[in-house]
Amino acid sequence: PALNGREYELDPDVTAIGAMHALQKLGRIGGIFMGGHRPGFGPPHRDALRVVADQVGAPTPAHWIADATADLLRQSDGVSGTWHLTSAGQASWHEFASAIFEEAHAAGLLARQTRVEPITTEEFPTPARRPAYSVLDTGRLRADFGIEPPTWRAGLREVIAQLASGA
């Protein structure tokens, strides 16, 4: 993980003291409510959005992380370790944004499809450096607890369905 563009690692500090622990590494997180408000699906005056296409991760719905964490805690039975909690599969920010608009349009949340144009990281500078590839391996989560992460697209469909239902 990165904080202010600098890598940090908690595992050695946590594991060195020998205490029971369940450290979870999370990927890209999204959900229905952000800052207490439902997210907008693009301003109506825009015909296109430009979104970074050269950074790849596994978008993961926050509600799935909560459910998986509860399952992990119920099953842990004194097991300590580090597990990756992310959706299965991978997508660039551009692919994810495109899928959001496709699913929102299909669910009737958008009157028209929004065009999503790919750009490079260099074309969208940010104060924090983002890794080009941040997909985490969930194999240990599956092996230790039988928790099978949903695909990022399935998670997105659940979130869009909740938005469409007014939940």
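Is Pro 150 buried or exposed? Pro 150 has 18% relative accessibility, so it counts as buried (under 20% relative accessible area is buried, over 50% is exposed and in between is partly exposed, with a 1.4 Å probe and protein chains only). The model here is a predicted one, in which local features need pLDDT of at least 70 and side-chain atom pairs count only at pLDDT 80 or more, while totals for chains, interfaces and linings use all residues. Residues are numbered from 1 along each chain as its sequence is written, and side-chain values use heavy atoms, with hydrogens and water left out.

Back to Pro 150, then. Pro 150 sits in the loop between helix H4 (139-145) and H5. Helices (H or I, at least four residues) and strands (E, at least two) are DSSP runs, numbered from the N terminus. Leaving aside residues up to four places away in sequence, Pro 150 touches Trp 64, Ser 87 and Ala 88, where contact means heavy atoms within 4.5 Å. Pro 150 and Trp 64 are 86 residues apart along the chain, yet 8.4 Å separates their C-alpha atoms.

Gly 81 gives another case of this kind. Gly 81 belongs to strand E8 (residues 81-85), and its relative accessibility of 7% is why Gly 81 counts as buried.

What about the protein as a whole? Its secondary structure comes to 5 helices and 10 strands. Of the 167 residues in the protein, 32% are buried. If contacts between residues at least 6 apart in sequence are taken, 85% join residues at least 24 apart.

Now for a pair of helices. Helix H3 (residues 93-106) and helix H5 (residues 152-165) have axes that come within 10 Å and cross at roughly 40 degrees; axes are lines fitted to C-alpha atoms over the stretch in contact, with angles from 0 to 180 degrees between N-to-C directions. That angle makes H3 oblique to H5 (under 35 degrees is roughly parallel, over 145 roughly antiparallel, 65 to 115 roughly perpendicular and the rest oblique). Among the residues making the contact are Phe 96 and Ile 100 of H3, and Trp 152 and Leu 156 of H5.
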